[in-house]
Amino acid sequence: ELPSRLPGTAVQIMLKAFDEKTLLEILKAGLTLEPEATDFLLSNISQRLAEQYRDSAEAMDDLDEKVAGKALSKCVGTVLTLAREDKITLLKAEPAA
């Protein structure tokens with residue numbers, strides 16, 4: 001759902017909210033569990049930085065299910081917090097067909 005709700009212009013703001021370790025955990029978890037959302041995030045930053053993040057995340061050991069879930073939850077929670085603080089604006093959800 002992230003690609004349909006988060007404008008590309010908000011991605012850098014969101015990514016800056018995380019320290020590098022947390023960001024890499026989010027990306028590692030996302031590569032396996034949410035590849036579309038992860039590709040969306042990486043496509044909205046510089047190609048060089050995206051490649052660096054992707055390479056680092058791919059080189060990490062696999063995360064256990066609990067750590068991966070916690071990382072993705074932290075990502076969603078941060079997006080919602082940034083929206084509540086008016087630092088980013090979420091797009092309206094598309095009605096289910």
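View 1. At a relative accessibility of 26%, R54 counts as partly exposed, a class lying between buried (under 20% relative accessible area) and exposed (over 50%), computed with a 1.4 Å probe on protein chains only. R54 is located in helix α5; helices are DSSP runs of H or I with at least four residues, numbered from the N terminus. The model is predicted, and local features need pLDDT of at least 70, side-chain atom pairs count only at pLDDT 80 or more, and totals for chains, interfaces and linings use all residues. Residues are numbered from 1 along each chain as its sequence is written, and side-chain values use heavy atoms, with hydrogens and water left out. The side chains of R54 and D39 are joined by a polar contact of 2.8 Å; such a contact is a pair of N or O atoms within 3.5 Å, where within protein one atom must be able to donate a hydrogen and the other to accept it, and residues adjacent in sequence count only if both atoms are side-chain atoms. Beyond its neighbours within four places in sequence, R54 is in contact (heavy atoms within 4.5 Å) with L31, D39 and L42. The C-alpha atoms of R54 and L24 are separated by 8.4 Å, although these residues lie 30 residues apart along the chain.

**View 2. The crossing of helices α3 and α5.** The two axes come within 9 Å and cross at roughly 75 degrees; axes are lines fitted to C-alpha atoms, for helices over the stretch in contact, and angles run from 0 to 180 degrees between N-to-C directions. Helices α3 and α5 are therefore roughly perpendicular to each other, the term used for angles of 65 to 115 degrees. From α3, the residues L23, L24, L27, K28 and L31 meet Y53, R54, S56, A57 and E58 of α5. This contact comprises six nonpolar, one polar and three charged residues, where Ala, Val, Leu, Ile, Met, Phe, Trp, Tyr, Cys and Pro count as nonpolar, Asp, Glu, Lys and Arg as charged, and the others, Gly among them, as polar.

**View 3. K28, a buried lysine in helix α3.** K28 belongs to helix α3 and is buried, with a relative accessible area of 10%. Its side chain reaches the backbone oxygen of M60 at 3.0 Å. With neighbours within four places in sequence left aside, K28 is in contact with A57, E58, M60, D61, D62 and L63.

**View 4. The packing of helix α3 on helix α6.** Helix α3 (residues 20-33) and helix α6 (residues 65-84) pack at an angle of about 110 degrees, and their axes are 8 Å apart. These two helices are therefore roughly perpendicular to each other. On the α3 side, T22, E25, I26, A29, G30 and L33 meet V67, A68, A71, L72, K74 and C75 of α6. Eight nonpolar, two polar and two charged residues make up this contact.

**View 5. L6 in the largest nonpolar core.** Within this core of 27 residues, L6 and M14 touch the most other members; a nonpolar core is a set of buried Ala, Val, Leu, Ile, Met, Phe, Trp, Tyr and Cys residues joined through side-chain atoms within 4.5 Å. Helices α2 (11-16), α3, α4 (35-43), α5 (47-59) and α6 each supply at least two residues of the core, and α6 gives the most, with six. Not counting residues up to four places away in sequence, L6 touches V11, M14, F40, L41, V79, I88, L90 and L91.

**View 6. D86 in the segment after α6.** D86 is exposed, with a relative accessible area of 68%. The phi angle of D86 is near 60 degrees, a positive value in a residue other than glycine.

How values were computed:
Parallel < 35°, antiparallel > 145°, perpendicular 65-115°, else oblique.
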